[in-house]
Amino acid sequence: MKKIILCVMLICATFSMLYAQHSESNPFQDYYADPNISSFENAFKHYSAQLAEDEESDSARLMLSYLYLIELERMIEQLETRVDSLAPKYQFQYANLLLELRKYDEAIETYEMLNADYPDWSCSWRHKGEAYFKSDELVQAEIALQKAIETRIEHYDAYVMLAEVQDAMGKNAEALATLETGFTYKGEDIEDPDEEVSDLDVQFLYLRLLKVNDRHNDYEQLKKKLEKNASDDERWKDID
């Protein structure tokens, strides 16, 4: 956050000089001096109008970007101060937002709250596993994803991610077994598998696992299928 504030201060100072030269008001500086919904809305409308008039306006595009960034951080800080009192579904969504923003440690802390209060909620375990995976904490990721499956045995995308983690850990046989077990539950979960994970991603993962586990016949069959549907995919270079 400190880096963001410093960058914004520099941008704000630069644009303040530009606006001063033209005797124009500076809605961004007004917002930055007193960030609230009203000042945000005024600045948003101002720069949006500029961009509507001139789609090539880099200054308007830049100011909108910084405006979104600061307001996002402000909203996150407000959520953080009352995360304990949020309804469970909002705690989960807040943690998912942190995960998307690559704030992995903060996301994990919130998922752990959910794990403690709702130990049978598979989704919070699965997402915590993702946060650990993206933090390169593979052992903790494996544990969390195994827990996600334990609490909902048909949780298809948890199997896929667990197979990815085990693949990254060098557990080739376990990764393949995990993925093939997951295939038996595809379509049986409460979530749409195609919305949770790309089938093409899964097929390339499966292809790689078949190869490293010396399942030659299955590997060749799947390879022929993928060559027809994704012949120009960049992932071939990691397999061949």
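Predicted model: local features only at pLDDT ≥ 70, side-chain atom pairs only at ≥ 80, totals over all residues.
Residues are numbered from 1 along each chain as its sequence is written, and side-chain values use heavy atoms, leaving out hydrogens and water.

So what does α9 itself look like? The helix covers residues 156-168, 13 residues in all, and spans 19 Å from its first C-alpha to its last, close to the 18 Å expected at 1.5 Å a residue (the expected span is 1.5 Å times one less than the number of residues). It's mostly covered, with 11 of its 13 residues buried; among them are Tyr156, Tyr159, Met161 and Leu162, along with Asp157 and Asp167. Just after α9, glycine 170 takes a positive phi of about 85°.

Now step back to the whole chain. You'll find 13 helices and zero strands, where helices (H or I, at least four residues) and strands (E, at least two) are DSSP runs numbered from the N terminus. Buried residues make up 41% of the 240 residues. Of the contacts between residues at least 6 apart in sequence, 52% join residues at least 24 apart.

Rings of Phe, Tyr and Trp (its six-membered ring) pair if their centres lie within 6.5 Å; planes under 30 degrees apart count as stacked, over 60 as edge-to-face and the rest as tilted. That rule gives 10 aromatic pairs. In one of them, phenylalanine 92 and tryptophan 121 have ring centres 5.0 Å apart and planes at 45°, so the pair is tilted. Phenylalanine 92 sits in helix α5 (residues 88-100) and tryptophan 121 in the loop between α6 (104-117) and α7, so the pair ties together parts 29 residues apart in sequence. Phenylalanine 92 is buried at 12% relative accessible area, whereas tryptophan 121 is partly exposed at 26%.

Phenylalanine 204 and tryptophan 236 make an edge-to-face pair, 5.3 Å centre to centre with 75° between the planes. This pair links helix α12 to the segment after α13 (216-229), 32 residues apart. Phenylalanine 204 is buried at 2% relative accessibility, and tryptophan 236 is buried at 9%.

Conventions: Buried < 20%, exposed > 50% of the residue type's maximum accessible area, 1.4 Å probe, protein only. Contact = heavy atoms within 4.5 Å.
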